[in-house]
Each structure stands twice: as structure tokens, then as C-alpha cells.
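Subject: Structure handover

Hello,

Here is the structure you will be taking over. Please open it next to this email and read along.

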Amino acid sequence: VTSIADRLNVEFALIHKERKKANEVDRMVLVGDVKDRVAILVDDMADTCGTICHAADKLVSAGATKVYAILTHGIFSGPAISRINNAAFEAVVVTNTIPQEEKMKHCPKIQVLCFCHLLKLWIYLFIILWC
């Protein structure tokens, strides 16, 4: 990921999470500086959104001016929608690999991108950045 940030000439920070058991984050550590910056959390999926909402709170506490989340799969089960609505996110962007119409009615922060367009963009960026 740092090589992508280097190629795009952007700053990079990460949140390291430690788990003592499955589905339970024991500790979360921010590595890098986000003060007065827009933060973008990238993850493969979010289910109940406890971890990603905790990460958003950590970024805001560290001085991030805005926080966005970009997820491949938004499962959004249980308390997820309530957590997102109450979290510091400007937007939570997910692909349409899982239908989101019903969830979007209850959470205006959720935005959906068509996976086919993202795949096309990823292929283009791969060619530009690595070939």
C-alpha cells in the first residue's frame, strides 16, 4: 500500500489492529499523521461496522478533518446502520456486490459504486502504474 501512496504522491497512515480472538479487536494503533487531513479508510468488507467505526473515531481524535470509508463488500448486519449513522463518516462507499437499496433508505451516508466500473478503473490503473 505504501508503494501506491508513493506513486500517487500522497501521505500514508495506517491503523494496526490486534485481535485476541475472532471478531473482537483487542487494540487499535494509528501509525502516521492525519492531523488536518482527509482520511480514507479502505477495507475489504464490513459486517457489524464496529471496527471501522472505531477506526473513524480514532482518526478524528488524531485530528483528521473528514473521514471516508471505501469497502468492497458492505454486509451491514445487526447494529451496522446505526453505527454508521452515529460515526464520523462523511460517506461510506461500497460496491454493489451486495444489494444496498434497503440499507441506503436508513443511512444517507452509504453510497454505492458499480463493481464493473471499479474493475475497469483498477485494470487501467494497474497498466498505468505498473506496466
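Below is what was found in it, from the overall fold down to one residue.

First, the ground rules. This is a predicted model, in which local features need pLDDT of at least 70 and side-chain atom pairs count only at pLDDT 80 or more, while totals for chains, interfaces and linings use all residues. Residues are numbered from 1 along each chain as its sequence is written, and side-chain values use heavy atoms, with hydrogens and water left out.

Overall fold. The protein has 5 helices and 6 strands. These are DSSP runs numbered from the N terminus (helices: H or I, at least four residues; strands: E, at least two). Along the sequence the pattern reads α-β-β-β-α-β-α-β-α-β-α.

Size and surface. The C-alpha trace spans about 45 × 35 × 30 Å along its principal axes. Of the 131 residues, 26% count as buried. Buried means under 20% relative accessible area, exposed over 50%, and partly exposed in between (1.4 Å probe, protein chains only).

Strand pairing. Two strands pair if DSSP finds at least two bridges between them. Strands E3 (residues 38-46) and E4 (residues 66-74) run parallel, joined by 8 bridges. Leu-41 has Ala-69 in E4 as its bridge partner. Between E3 and E4 the chain passes through helix H2 (residues 50-61), in a right-handed β-α-β crossover. Right-handed means that, with the strands pointing away from the viewer, the path from the first strand over the helix to the second runs clockwise.

E4 also runs parallel to strand E5 (residues 89-95), with 5 bridges joining them. Here Val-67 stands opposite Phe-89 in E5. The chain goes from E4 through helix H3 (residues 80-86) to E5, and this β-α-β crossover is right-handed.

One residue up close. His-16 lies in strand E1 (residues 14-21). His-16 counts as partly exposed because its relative accessibility is 40%. Beyond its neighbours within four places in sequence, His-16 is in contact (heavy atoms within 4.5 Å) with Arg-27, Met-28 and Val-29. Met-28 is 12 residues from His-16 in sequence, and their C-alpha atoms are 5.6 Å apart.

Best wishes
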